[in-house]
Amino acid sequence: MKFCLTRPELTSIRIRRFEHSGATIMTTADLVFRDFKPADAASVTELWLECGLTRWWNDPVKDIERKLTDRNGAFWVVCKDSAVIASVMIGYDGHRGTINYLAIAPAFQRSGVGAELMRRAEAFLIDIGCPKVSFCVRKDNHAVLSFYDRLGYVPDDVHFLGKRLIPDD
């Protein structure tokens with residue numbers, strides 16, 4: 001099943017960006033929501049660094065390379081003019097969907113871009129038959145936890161366990 005990133009029912013949502021001199025309105029027509037291309041790698045890793053998403057134990061270049069081998073999800077960017085301003089990795093394992101590396105450039109945070117990207121990610125997951133979505137947010141990331149709360153996400157009563165299988169060093 002091919003997912004169309006520019007579904008008509010999702011393009012009418014208005015995105016608000018606040019400037020120093022007042023509010024300006026732009027629509028999703030001002031932005032390009034598209035699949036990641038290998039040429040985006042440097043811009044995307046810079047965005048992740050700017051947003052504080054990277055950690056020393058995860059090599060973002062290797063994460064991108066690994067994602068490009070995934071056939072069960074998507075990897076999208078959002079561009080304003082020619083600049084990458086947002087990204088998201090979406091996965092699906094047959095049981096649940098996942099969201100990783102949702103990043104919005106600081107100048108566009110709280111503009112609606114993140115909420116629109118999540119609406120599109122949810123629609124993608126629904127279209128491929130995914131019944132639920134789960135993902136990780138660091139406990140001390142209160143701003144992001146508030147963002148997801150506004151979108152209707154709640155903490156699951158589970159322990160998240162991890163084990164490094166392949167070191168990135």
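A contact means that heavy atoms lie within 4.5 Å of each other. Keep that in mind for the exercises below.

This is a predicted model, in which local features need pLDDT of at least 70 and side-chain atom pairs count only at pLDDT 80 or more, while totals for chains, interfaces and linings use all residues. Residues are numbered from 1 along each chain as its sequence is written, and side-chain values use heavy atoms, with hydrogens and water left out.

**Exercise 1. The whole chain**

Task: Describe the order of the elements in the protein chain, and state what share of its contacts with a separation of 6 or more join residues 24 or more positions apart.

Solution: 
- Step 1. Helices (H or I, at least four residues) and strands (E, at least two) are DSSP runs, numbered from the N terminus.
- Step 2. The protein chain has four helices and six strands. Starting at the N terminus, they run β-β-β-α-α-β-β-β-α-α.
- Step 3. Among contacts in the protein chain with a separation of 6 or more, 62% are between residues 24 or more positions apart.
- Step 4. Now for burial: buried means under 20% relative accessible area, exposed over 50%, and partly exposed in between (1.4 Å probe, protein chains only). Of the 169 residues in the protein chain, 37% count as buried.

**Exercise 2. Helix 3**

Task: Work out whether helix 3 is largely enclosed or open, and compare its span with the expected one.

Solution: 
- Step 1. The expected span of a helix is 1.5 Å times one less than its number of residues. Helix 3 has 15 residues and reaches 21 Å from its first C-alpha to its last, close to the 21 Å expected.
- Step 2. Helix 3 is largely enclosed by the rest of the structure, because 11 of its 15 residues are buried. Among them are G114, M118 and F124.
- Step 3. Look at V113, which is found in helix 3 (residues 113–127). V113 is buried, with a relative accessible area of 0%.
- Step 4. After helix 3 comes G129, whose phi is positive, near 90°.

**Exercise 3. The nonpolar core**

Task: Which residues have the most contacts inside the largest nonpolar core?

Solution: 
- Step 1. A nonpolar core is a set of buried Ala, Val, Leu, Ile, Met, Phe, Trp, Tyr and Cys residues joined through side-chain atoms within 4.5 Å.
- Step 2. The largest one has 38 residues, and I90, L102 and L117 have the most contacts inside it. Elements giving two or more residues to this core include strand 5 (83–92), strand 6 (97–104) and helix 3.
- Step 3. Follow L117: leaving out residues up to four places away in sequence, it touches partners including F33, W76, V78 and L102.
- Step 4. In soluble globular proteins, nonpolar side chains tend to be buried together.

**Exercise 4. Salt bridges**

Task: How many salt bridges are there, and are R34 and D40 buried or exposed?

Solution: 
- Step 1. A salt bridge is a side-chain nitrogen of Lys or Arg within 4 Å of a carboxyl oxygen of Asp or Glu. By this rule the count is five.
- Step 2. R34 pairs with D40 in a salt bridge, their closest N and O atoms being 2.7 Å apart. Both residues are buried.
- Step 3. R119 and E116 meet in another salt bridge, at 3.3 Å from N to O. Both lie in helix 3, three residues apart, about one turn of the helix. R119 is partly exposed, with a relative accessible area of 30%, whereas E116 counts as buried at 0%.
- Step 4. Salt bridges link E116, R119 and R120 in a network.
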